[in-house]
Amino acid sequence: MTDGVFVLNSPAERELAGMKSEDQQTMKLQSQLRTLVGFTTIVLAVAIPPSVAEDSLSRVTAPRSSQVEAVGVVLKEWRIDLDKQAVKTCPVTFRVNNFGDEDHELVIVKTDRHHKALPVSHGKVIETEAGELIGEIEEFPMGEAREATFMLSPGNYALFCNLVEQEEDGGLESHYQEGMHVPFTVLR
Ligand SMILES: [Cu+2]
C-alpha cells in the first residue's frame with residue numbers, strides 16, 4: 001500500500017491478481033473492489049445469524065419482527081434476584097431457577113405501587129388489587145427451573161412469590177412478606 005494505491009510487486013503477483021496492465025488506476029480500482037467485496041462478506045456474516053435466530057424464535061413466541069429479551073431469575077429464601085432490572089423490548093422470557101429449599105413461584109403484576117407496598121391479606125398479595133395481573137410461573141420445587149414468555153408493555157412491574165404456608169405454631173409464613181419481591185421495568 002503506497003499513498004492509498006495498491007501496488008503489486010512481482011510479475012507473479014500481478015498474474016495471480018489476473019492483471020495484464022500495470023496501470024495504477026486499474027490496480028487502485030481493483031483494490032477498492034476487493035475491499036468492497038470483503039466488506040460485503042463481513043456484513044452478510046454478521047447479518048445472517050440474528051435473522052436465523054429471529055426466525056426460530058418467531059415460531060415459538062412472537063411476531064416475526066419482534067425480538068425477545070431473556071431475564072434470568074433466581075428464587076430462594078427470601079429474595080428474588082434478576083440478572084437485569086429493566087429491558088427495552090416487549091416479549092420478555094423469564095428463565096427462573098429455584099435455588100431455595102422450598103417451593104416458589106413468580107407472579108408478574110404491572111403496577112406503579114412500590115414492590116414492598118402491595119396490598120396484602122393474610123400474608124398473600126391481593127394480585128388483582130396490586131395492579132394489572134400479567135401472569136405467573138406457578139409454584140415449582142427446589143432445584144428445578146421454569147421458563148415463560150410474556151408480552152410486557154412499557155411500564156413498571158412488581159415480581160413476587162405469593163406463596164403462604166401455615167406453620168406448625170399456626171402462624172403464616174408469607175414468602176412476599178419475608179422479602180420475595182423485586183421491581184422490574186420495561187422501557188419504551
Ligand atoms: Cu416463595
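**Entry 1: the core.** I began with the largest nonpolar core, which holds 25 residues, and I noted that Leu106, Tyr157, Ala158, Leu159, Phe160 and Cys161 have the most contacts inside it. I then looked up which elements give two or more residues to this core, and they are strand 1 (69-76), strand 4 (91-98), strand 5, strand 10 (155-160) and strand 13 (181-186). I keep in mind that the model is predicted. As background I wrote down that in soluble globular proteins nonpolar side chains tend to be buried together.

**Entry 2: leucine 159.** Which residues is leucine 159 in contact with, once its neighbours within four places in sequence are left aside? I found Ile80, Leu106, Ile108, His181, Val182 and Phe184.

**Entry 3: the whole chain.** I went through the secondary structure of the protein and recorded four helices and 13 strands. Of the 188 residues, 17% are buried. For the contacts with a separation of 6 or more, I noted that 62% are accounted for by residues 24 or more positions apart.

Entry 4: I traced an open sheet of five strands with mixed pairing, in the order 3-13-10-5-8. Strand 3 (86-87) and strand 8 (132-140) stand at its edges, and each has a single partner strand, so one side of each is left without a neighbour in the sheet. I followed the pairing of strand 5 (residues 104-110) with strand 8, which is antiparallel and runs over six bridges. Within this pair I looked up valine 109, whose bridge partner in strand 8 is leucine 133.

Entry 5: Strand 1 pairs with strand 2 (residues 79-82) in the antiparallel sense over four bridges, and I noted aspartate 81 in strand 2 as the bridge partner of valine 74. Strand 4 and strand 9 also run antiparallel, joined by seven bridges, and here I recorded threonine 149 in strand 9 as the bridge partner of threonine 93.

Technical notes: Residues numbered from 1 in each chain as written. Predicted model: local features only at pLDDT ≥ 70, side-chain atom pairs only at ≥ 80, totals over all residues. Pairing = 2+ DSSP bridges. Buried ≥ 20, exposed ≤ 12 C-beta atoms within 10 Å, placed from the backbone. Contact = placed C-beta atoms within 7 Å. Core = buried A, V, L, I, M, F, W, Y, C linked by C-beta atoms within 7 Å.
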